[in-house]
Amino acid sequence: MQTWSVVSICVLLGIVVRWGVSLNSYSGAGKPPMFGDYEAQRHWQEVTYNLPLHEWYFNTTDNDLNYWGLDYPPLTAYHSWICAYIAKMINPEWVELHKSRGYESPTHKLFMRATVLVADLLVYIPAVVLYSLHLTDGSSNKKVSTLFCFLLYPGLILIDYGHFQYNGLSLGFALWGVLGLGLGWDALGSMAFCLALNYKQMELYHALPFFCYLLGKCIKRGLMGRGLFLLVRIAATVLVTFALCWLPFLPDPNQASQVARRIFPVARGLFEDKVANVWCSLNTVIKIRSILSSDSQLYFSFACTLLAVLPSSIRLLMKPTFWQFKLALANSSLAFFLFSYQVHEKSILLAALPVCLLLSDLPLIAIWFLQASTFSMLPLFMKDGLLMPYAVTWLAFLFLSIYLLSALEHCSEEKLRLVAYYKLIFCLSKTEMACTVRWKFYISIAVMAGLSIASVILVPPPHLPDLFPVLVSTTAFLHFLGTYIYFTIVQFSGPPSRKSQKKNN
């Protein structure tokens, strides 16, 4: 009873922080003609409510795809329609066809913010609570601390409640999928992940670990016995879920193919803006887009992504344990972010979710990465007028998570899961290694804080207008690459402990 009281307080504090951030500006506020992601979400409500379903993804006189045309899977469109239906009852002007373009008012802002919070309360937050209480090891205090830190991750809060998106829905469905697999409800977990994929196609970042874990589990049970029955049940669940999500578009092949073209727009290029991945960082030295054709960029990035994700996936297929599954989720999403085609800075949230799953297992590394992931989106936050919420939530998460999870005490090779490798990698004693890791963490945080301050108060040279965004993205890229290498090493090491391995299996 006492634990649930503390959980309720944690959830309430998480809601307060979210609502506090939502009181600030949002993407594209007062910036015609395109405005920003806030207007994109509102416009999708306008389109889905006023136009017949067969026009949602097509360019027509009433649906200009060049003005925030729908480019997400059907569940996003259905969600926009539900929000639009409620908006129409409150104020028809919010979704009036054509005339509502660029609509901005305090009441409408309150409504839009409330839709994000309701989505979190229904999907994301319950999944975080159940995962923290049922699928993390340790005492009740440690589970509650993990829950609190999970809920306070600033990157997701700033993007969904500041910049304005509904990432909590897709990530929440994915987390329900993780819960299902962790609790042995494989069919339900598969269904939840299918919902995540049908809400945002970027959930493909997590798809290979789900596939390899379930296939490995079926093989382990025997494909001529219980394993075959499980495989058929999972396959049927996936097919039925996808069929129901796409049902309105399936009778007409042109409809289905147009939706597919909209959600996979390969014509946009290798990357946009200053993203903390391999291609953007490498582009500062080698102008990739001027050397390779668009098709060559697509094929090359696909090959690099596949090579980066295969080791982790094959390891999971051979050892389908829940511990391996969590590490594979982190490695797969990082591989996609670092090497795949057409990556946005906000896509780092897809890697942040599996890292949050490791908060109780590898607290220092998880906190380190989550700080870097939020820092990587600094140019976007500055553009949206979210500098103060960024600074407050970034610092609050840093100090609270380190204190609650005793992160700086987890610096030994045993705590970092490097027992089998540290003698090969480090020529240090155990004490020296722990000290070195701490100092690297301190220096890293100082560099991120310093660049954040410099980006605000210093004016870049006229011939280097993008100096600070490039420094931010490059610094974050080095952190992400290091995290990917670290998690890969850990995944190929032994299990965390006998007790934890028994529970994970």
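Colleague: Leaving aside its neighbours within four places in sequence, which residues is Val259 in contact with?

Modeller: Contact means heavy atoms within 4.5 Å, and on that reading Val259 is in contact with Tyr57, Pro74, Trp246 and Phe249 once neighbours within four places in sequence are set aside. This is a predicted model, in which local features need pLDDT of at least 70 and side-chain atom pairs count only at pLDDT 80 or more, while totals for chains, interfaces and linings use all residues. Residues are numbered from 1 along each chain as its sequence is written, and side-chain values use heavy atoms, with hydrogens and water left out.

Colleague: Where does Val259 lie, and how far is its C-alpha atom from that of Tyr57?

Modeller: Helices (H or I, at least four residues) are DSSP runs numbered from the N terminus, and Val259 lies in helix H11, residues 253-263. The C-alpha atoms of Val259 and Tyr57 are separated by 6.1 Å, although the two are 202 residues apart along the chain.

Colleague: Is Val259 buried or exposed?

Modeller: Buried means under 20% relative accessible area, exposed over 50%, and partly exposed in between, using a 1.4 Å probe and protein chains only. Val259 has a relative accessible area of 0%, so it is buried.

Colleague: How do I read the packing of helix H16 and helix H17?

Modeller: Axes are lines fitted to C-alpha atoms, for helices over the stretch in contact, and angles run from 0 to 180 degrees between N-to-C directions. Helix H16 (residues 348-356) and helix H17 (residues 363-376) pack at an angle of about 160°, with their axes 10 Å apart. Because angles under 35 degrees count as roughly parallel, over 145 as roughly antiparallel, 65 to 115 as roughly perpendicular and the rest as oblique, H16 is roughly antiparallel to H17.

Colleague: Which residues of H16 and H17 meet?

Modeller: From H16, Ile348, Ala351, Ala352, Val355 and Cys356 meet Ala366, Phe369, Leu370, Ser373 and Ser376 of H17. The residues of this contact of H16 with H17 divide into eight nonpolar, two polar and no charged, where Ala, Val, Leu, Ile, Met, Phe, Trp, Tyr, Cys and Pro count as nonpolar, Asp, Glu, Lys and Arg as charged, and the others, Gly among them, as polar.

Colleague: How many of the residues of H17 are buried?

Modeller: In H17, 14 of the 14 residues are buried, so this helix is largely enclosed by the rest of the structure.

Colleague: At what angle do the axes of helix H7 and helix H15 cross?

Modeller: The axes of helix H7 (residues 167-182) and helix H15 (residues 322-339) cross at roughly 160° and come within 11 Å, and H7 and H15 are therefore roughly antiparallel to each other. Val178, Leu181 and Gly182 in H7 meet Phe322, Phe325 and Leu329 in H15, and by class this contact of H7 with H15 has five nonpolar, one polar and no charged residues.

Colleague: Is Lys326 buried or exposed?

Modeller: Lys326, whose place is in helix H15, is buried, with a relative accessible area of 2%. Setting aside its neighbours within four places in sequence, Lys326 is in contact with Tyr131, Pro354, Leu357, Leu358 and Asp361. Gln324 is also found in helix H15 and counts as buried at 3% relative accessibility. With neighbours within four places in sequence again left aside, Gln324 is in contact with Arg315, Leu316, Lys319, Gln491 and Ser493.

How values were computed: Helix = DSSP H or I, 4+ residues; strand = E, 2+ residues; numbered from the N terminus.
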